[in-house]
Amino acid sequence: MTETMIQPTSVDDVSAGLREAGYLAGESTALVSFLATKLDKPVLVEGPAGVGKTELAKALARYLDRKLVRLQCYEGLDEAKALYEWNYRKQLLRIQAEAGDTGWSDVQEDIFGEEFLLPRPLMTAIASEVPVVLLIDEIDKTDQEFEAMLLELLSDFQISIPELGRIDARTQPVVLLTSNNTRELTEALKRRCLYLWLDYPDLEHELEIVRLHSPGLQESVARKLVEIVSQIRELDLKKPPSIAESIDWARALLLLGAEEIDAHMFRQTMSVIVKHRTDLDTVAARVGVKLEAAADARPAA
Ligand SMILES: Nc1ncnc2c1ncn2[C@@H]1O[C@H](COP(=O)(O)OP(=O)(O)OP(=O)(O)O)[C@@H](O)[C@H]1O
Ligand SMILES: [Mg+2]
C-alpha cells in the first residue's frame with residue numbers, strides 16, 4: 001500500500017507536483033509543504049481571505065494522490081460533528097430487536113461497538129487504511145475548547161471513546177489547518193504546527209496564477225489586471241481584492257471580450273473585485289479616475 005504512494009524527495013519536487021495539480025506555490029509554500037510530508041507535522045496556514053489556503057490542501061491531495069478529508073469549522077462545532085457520534089437510531093433498532101429475553105449488559109456490549117459509530121472527519125482521517133490529506137478549514141471559527149481537543153488528537157493521533165476504548169491512528173495524514181486570523185490561536189497549537197503565512201502574491205506570481213485560470217485572456221489585459229489589482233490593494237479598503245477576485249475578474253473580462261481595461265470597462269466590471277459600497281467609491285475615485293486621465297493623455301487615434 002505504501003510503496004505506491006508518492007513520496008516527494010525535494011522542495012522542487014513538491015513545487016513541480018503542485019504545479020501539475022494546478023497550484024502555483026511560492027517558495028515558502030513549497031518548502032513548508034515538503035517539510036509537512038517529511039516531518040509528519042501539521043501545517044497552520046494563515047493569511048487574508050482568498051489567497052489560496054484551502055486550495056493548497058486540495059492541490060496537495062491531488063498531487064500526493066490521496067483522498068482529501070475536510071472538516072469545515074464553524075462556531076459551535078463540537079466533537080459529535082468533528083470526531084464521531086453514536087448512531088442512536090441504529091442502536092435503538094438493535095435494542096428493540098433484542099427486547100425481551102436479553103439483559104441490559106448484553107445489549108450494552110452490543111450497541112457500543114464500532115458498527116454503531118458514525119465517524120466524522122477527524123476520525124475518518126486517522127482511521128483510514130490509506131493515508132489521507134486532512135484539511136481543518138477555518139480553525140479560528142471554533143472556540144478554545146475545540147482547539148484543546150484538537151491538540152490532543154494532533155499530538156497523539158488517537159481518539160479515546162469512553163464506551164469503546166482507544167482508537168489509534170492506522171495511518172498518518174498530512175494535516176493542514178487554515179485560519180483567517182479572526183482570533184489569535186493558542187500558543188500550544190502553534191507550537192505543534194509548522195507555520196505558513198500566505199499573503200497576496202507579487203505581480204509576476206499573480207499574473208501566472210491568472211494565466212493558469214484564464215488562459216484565453218490576452219497577455220496585455222492580464223498584465224494590466226494584476227497591476228490594477230495590486231494598486232487597489234494599496235488603498236485603505238474594508239476588503240482588498242484577493243487572488244480569487246483577480247481570477248473572477250479575468251474570467252469576466254474574457255467573457256466580455258475585453259481587449260483592454262479602459263476607464264469604461266473598469267467601471268463596468270469593478271464590482272467583480274470590490275464588494276463594499278464604500279470601497280467601490282474609494283476605488284472609483286482613485287483608480288477609475290486615473291484610468292480616465294490616462295485615456296485623456298493619450299493622443300487620439
Ligand atoms: N497559488 C495558486 N495557484 C493557483 N490557484 C490559486 C493559487 N492561490 C489561489 N488560487 C485560487 O484562488 C482561489 C481562492 O483560493 P482559496 O479558496 O484557497 O482561498 P482561501 O485562502 O482559502 O480563502 P478563504 O480564507 O476565503 O477561505 C481559488 O480559486 C484558487 O484556485
Ligand atoms: Mg478557504
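**Cavity**

The model is a predicted one, in which local features need pLDDT of at least 70 and side-chain atom pairs count only at pLDDT 80 or more, while totals for chains, interfaces and linings use all residues. Residues are numbered from 1 along each chain as its sequence is written, chains are lettered from A and ligands numbered from 1 in the order in which they are written, and side-chain values use heavy atoms, with hydrogens and water left out.

I took a cavity as a set of points, on a 1 Å grid over the protein atoms alone, where a 1.4 Å probe fits but cannot get out, and a pocket as an open set with protein on both sides within 12 Å along at least five of seven lines; lining residues have an atom within 4 Å of a point. Volumes are the space filled by probe spheres set on the points, which are joined across faces, edges and corners.

The structure holds one cavity of 30 Å³ or more, and the largest cavity contains about 40 Å³ of space. Among its lining residues I noted Lys-224, Glu-260, Asp-262 and Arg-298. By class, this lining has five nonpolar, no polar and four charged residues, where Ala, Val, Leu, Ile, Met, Phe, Trp, Tyr, Cys and Pro count as nonpolar, Asp, Glu, Lys and Arg as charged, and the others, Gly among them, as polar.

**Largest pocket and ligand 1**

I then turned to the largest pocket, with a volume of about 560 Å³, and found that its space is the one taken by ligand 1 (more than half of the molecule's atoms lie within 2 Å of the grid points). Of the 33 residues lining this pocket, Tyr-23, Val-51, Gly-52, Lys-53 and Ile-243 lie nearest its centre.

For polar contacts (N or O pairs within 3.5 Å), I noted a nitrogen atom of ligand 1 at 2.7 Å from a polar backbone atom of Leu-24, and an oxygen atom of the ligand at 2.7 Å from a backbone N or O atom of Gly-50. The side chain of Glu-138 has an N or O atom 3.4 Å from a ligand oxygen.

How values were computed:
Polar contact = N/O pair within 3.5 Å; in protein donor to acceptor, adjacent residues only side chain to side chain.
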